[in-house]
2 protein chains.
Amino acid sequence: MNTFPAPVLQALSESFPSPLFSVDPSLITLLQQNTSEFAPRNVIGVFAPPDVEGVAEVIRAAGKYNFSVYPYSTGKNWGLGSKLPVADDCALLELNRLNIIREVHEDMHFAIIEPGVTQRQLSDFLKEHHPLLMLNVTGSSPDSSIIGNILERGSGFYKHRIEDLRGLEVVKADGEILRTGFWHYDRGERPVHHYKYGIGPYIDGLFSQSNLGIVTAAVVNLIPMPESMELMWCSFHSEQLVPMIDRLSKLYKQNLLHNILHIGNTTRLKITGAEEAVWSIWGAISGTKNLVNFLKEEITLHLEDIAGKIEFLTDENVDQDNHFRTLYEMYRGVPSDMFLKAMYQSVGQTIQEDELNLDTGRYGMLCCLPMLPMAGKDINDAITLLHKVCDEFGIAPAMTINPISGEYAEAVINLYFDRSSKDATDNAHRCNAALHEQMFADGFRFYRIDVENMNTITRDNSVFWKTIKDIKKALDPQGIIAPGRYGLL
Amino acid sequence: MNTFPAPVLQALSESFPSPLFSVDPSLITLLQQNTSEFAPRNVIGVFAPPDVEGVAEVIRAAGKYNFSVYPYSTGKNWGLGSKLPVADDCALLELNRLNIIREVHEDMHFAIIEPGVTQRQLSDFLKEHHPLLMLNVTGSSPDSSIIGNILERGSGFYKHRIEDLRGLEVVKADGEILRTGFWHYDRGERPVHHYKYGIGPYIDGLFSQSNLGIVTAAVVNLIPMPESMELMWCSFHSEQLVPMIDRLSKLYKQNLLHNILHIGNTTRLKITGAEEAVWSIWGAISGTKNLVNFLKEEITLHLEDIAGKIEFLTDENVDQDNHFRTLYEMYRGVPSDMFLKAMYQSVGQTIQEDELNLDTGRYGMLCCLPMLPMAGKDINDAITLLHKVCDEFGIAPAMTINPISGEYAEAVINLYFDRSSKDATDNAHRCNAALHEQMFADGFRFYRIDVENMNTITRDNSVFWKTIKDIKKALDPQGIIAPGRYGLL
């Protein structure tokens, strides 16, 4: 349907009085705005249920009247589509009113949260009530959803965020509520959420990067505040990239590195005044005081011939520089919009506070996100290819390489453009399409993808995607939830 | 069907000439022998395909003639059912002839192996061809299947084995071959198996503890040989259990422990001559030489007031004791049957080499496997309950508690009995049933279960199990694969 037939619209308006439901064209137009300037889809309405039962009611109505919904948490999937559905003719399903922190367990260090719970909200809550626990923050907006980012398999400053997941509550397409792990058993006095696999098939992964259900709560791992934490910072020349990557891989494998590192190029780091052809590395060294002191010496020993001076910033010596202080606090679980501001600075602008919603700001962003093997040669090849493609389009890409383990590093490549120029916008889109095309052809594989390029991931037409389609048919035979999202249409 | 109808039997015998297929009653009787003395099921035949295509042919025949198969790798699921199907009237499907090590990748440290590949086989292969890599061994038989243990979510000496998994090849019930992760894309020069999640829904977990497909190959993580490794060994009195568990949990959370520990009770450790009411801890401290030296001091500092002297055994000082040498080598990736022998010793017997197949030996074994929260109080409660139940039946349980992280510890509880005595056998079975019943009632949850108690896990009749059933219907509408295994019948 392009729009709700009149009798359906009337029935829905009765069942879901304002603000639970709207077909206001100006609201819909607003919600379609996205920083990437992806073309708007036809959207037939907007639901904003207040709780889990409300979500189930929307789903049952969708089944009854045969329409599709496109759920999002806070809608800040910036650079990958924001709130924009993959397919036309869906109703939006906002989950940001489900924003309860249901529980925080101190000893087992987890929180049970709903999709509308933001980084800032949980961080503030922990600071006040559980100062011994902290959030594995991401560099995105403090107002972004934690569940949204976990399910899209984003990465945090300490760990890959999907590995923070210990259990899910899911509203299925038939309106029933599924709980995973040991969570479906009656809960007594004993901890339930210490072990994510439960018994029987482990299915949490089914609901990440998928359209197989609507997650209404998740059990999320929190990090016990380390006894000691120091922020490591060093730089190296791009000619040293290959040995540096191989060296870091080895440090992970020998238990000297435990947390995610970030390695940023010059465009990413205009904010710090980094020179051309210089890469900077930052990350947390954490554990007991003795361990941190030991690791500082040991890491220095292994990297100093490549990296030169390695700085270790502590709560005491980090104060003088605002950026480093903010970064330091992010490793203590306090989210920040520093990296959003850095985006603007990288294109020579200063962001205004009211532009922190990228969807309405002046500068646009596109993302290309390959998961790189943690091998110097492959990462160097990826960077060479990146520059070859971007040079053709006259774009200076911002790039961060985030080693997550000794085996793989997440690459975050951002292309920025002036949204007020149609030429600049089109040029950036062509550049991003070429990047995806050529990266894929050279054997690099993506770990996340935007709504515009999403159909390209299924082009191998393999048994894998057919299997996902079979599971989709079993769990959502009417195709109610997010058609086309991470799967065959 | 209780047996194959004559025309079906003839067709199968033509399609699968000996040794690919058999209905020999003496073979079937032999394969039903199991160390736990679970009652035999009706088994209608035995397939033993030589390769993946052979597995697909069996599956297609099962679809055509409408019978079920029960796959196993080497069939050493000892204590949980061995080769015994959950339900009656299946054909056995042996996968042990699929025993190719397809690939070992040195830098990305993984192996692609088939279900028949044993611990011993891969360990020997690595020793000869890739001495810088080692297997995350388990304490079970060197001749047990690596894939079988991973899919059943067993644990290794370093890591939880399910977390060794980087991708699967699965023969589906329709005979098609599914590959997960990035594996379904054409493979070029670039590494493919550095990142297990791929893009789109992550489905590897679906095929662990399940009957949703037949795994014919897996990409399995190997451990880069640590620069240094020492075997930690210490003991403590059972009165100190609560603070010891809490202390260990803290060490994991502060990055001072990286590998699984084992904590064994006296019955488990007759082999070492441990005294009553004493628990022993063992595990590997690994990394660079400097790190290992540092960790030894630091761990000693944190544990010595409870544990007394902590021994750290090296390649040089471990030689004098045969058991410790064997244990040491297990942490260098060399599997051993030491723990199988220890089982016999714990009941006052010496095992003969030809009794290392537990299914034909004199002593029987049953398992109760709760996943405990890594909290002193809960673990102490579980042990108290264990002794209360076992005392009623006059059985001395062997128990190991294996902390896997700061949050959870796998408990391995074994009940041994003399299979030649019907009374002893019945008594052990009743004890095991009571243990499962009372552990569950007290809020403890199992991470693995035997074929006899399997139906009890679905008794909550929740949306979780209904969802598994819906997925089963989608992927295996005829119910060809292992009916009743980890799911509703």
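Modeller: Starting with one strand pairing: Pro71(B) stands opposite Leu93(B), which belongs to β4(B). Keep in mind that this is a predicted model.

Biologist: Which strand is joined to β4(B) by five bridges, and in what sense do they run?

Modeller: That is β3, residues 68–72 of chain B, and the two run parallel. Strand β2, residues 43–47 of chain B, is also joined to β4(B), by four bridges and again parallel. In that pairing, Gly45(B) has Ala91(B) of β4(B) as its bridge partner.

Biologist: How many residues of β4(B) are buried?

Modeller: Five of the five, residues 90–94, so the strand is largely enclosed by the rest of the structure. In a regular strand, side chains alternate between the two faces of the sheet. For β4(B), both faces are covered: Cys90(B), Leu92(B) and Glu94(B) are buried on one side, Ala91(B) and Leu93(B) on the other.

Biologist: Changing topic. What is the strand order in the open sheet of chain B?

Modeller: The order is β5-β6-β10-β8-β9, five strands with antiparallel pairing. The edges are β5 (101–105) and β9 (177–179) of chain B; each has a single partner strand, so one side of each lacks a neighbour in the sheet. On average, neighbouring strands in this sheet are turned by 15 degrees against each other, ignoring direction.

Biologist: How many bridges are there between β5(B) and β6?

Modeller: Four, linking β5(B) to residues 110–113 of chain B in the antiparallel sense. Within that pair, Ile112(B) of β6(B) has Glu103(B) opposite.

Biologist: Which helices lie across those strands?

Modeller: Helix α4, residues 119–129 of chain B, lies across β5 and β6 of chain B, at about 45 degrees to β5(B). Helix α3, residues 52–65 of chain B, lies across β5, β8, β9 and β10 of that chain, at about 50 degrees to β8(B).

Biologist: Which residues of chain A does Gln254(B) touch?

Modeller: Gln254(B) is in contact with Met225(A), Pro226(A), Glu227(A), Gly287(A), Thr288(A) and Leu291(A), leaving aside neighbours within four places in sequence. Gln254(B) sits in the loop between α6 (241–253) and β13 (261–264) of chain B.

Biologist: Is Gln254(B) buried or exposed?

Modeller: Buried, because its relative accessible area is 7% and the cut-off for buried is under 20%. As for its own chain, Gly406(B) is 152 residues away from Gln254(B) in sequence, yet their C-alpha atoms are 9.1 Å apart.

Biologist: And how many disulfides are there?

Modeller: Zero, over all chains. Cys390(A) is in no disulfide, and its nearest cysteine sulfur, that of Cys431(A), is 3.9 Å away.

Biologist: Last one: what are the scores?

Modeller: The model has ipTM 0.96 and pTM 0.96. Chain A averages a pLDDT of 94, with 98% of its residues at 70 or above.

Terms used
Residues are numbered from 1 along each chain as its sequence is written. Chains are lettered from A and ligands numbered from 1 in the order in which they are written. This is a predicted model: local features need pLDDT of at least 70, side-chain atom pairs count only at pLDDT 80 or more; totals for chains, interfaces and linings use all residues. Side-chain values use heavy atoms; hydrogens and water are left out. Two strands pair if DSSP finds at least two bridges between them. Axes are lines fitted to C-alpha atoms, for helices over the stretch in contact, and angles run from 0 to 180 degrees between N-to-C directions. Contact means heavy atoms within 4.5 Å. pLDDT is the predictor's confidence in each residue, from 0 to 100. A disulfide is a pair of cysteine sulfur atoms within 2.5 Å. Buried means under 20% relative accessible area, exposed over 50%, partly exposed in between (1.4 Å probe, protein chains only).
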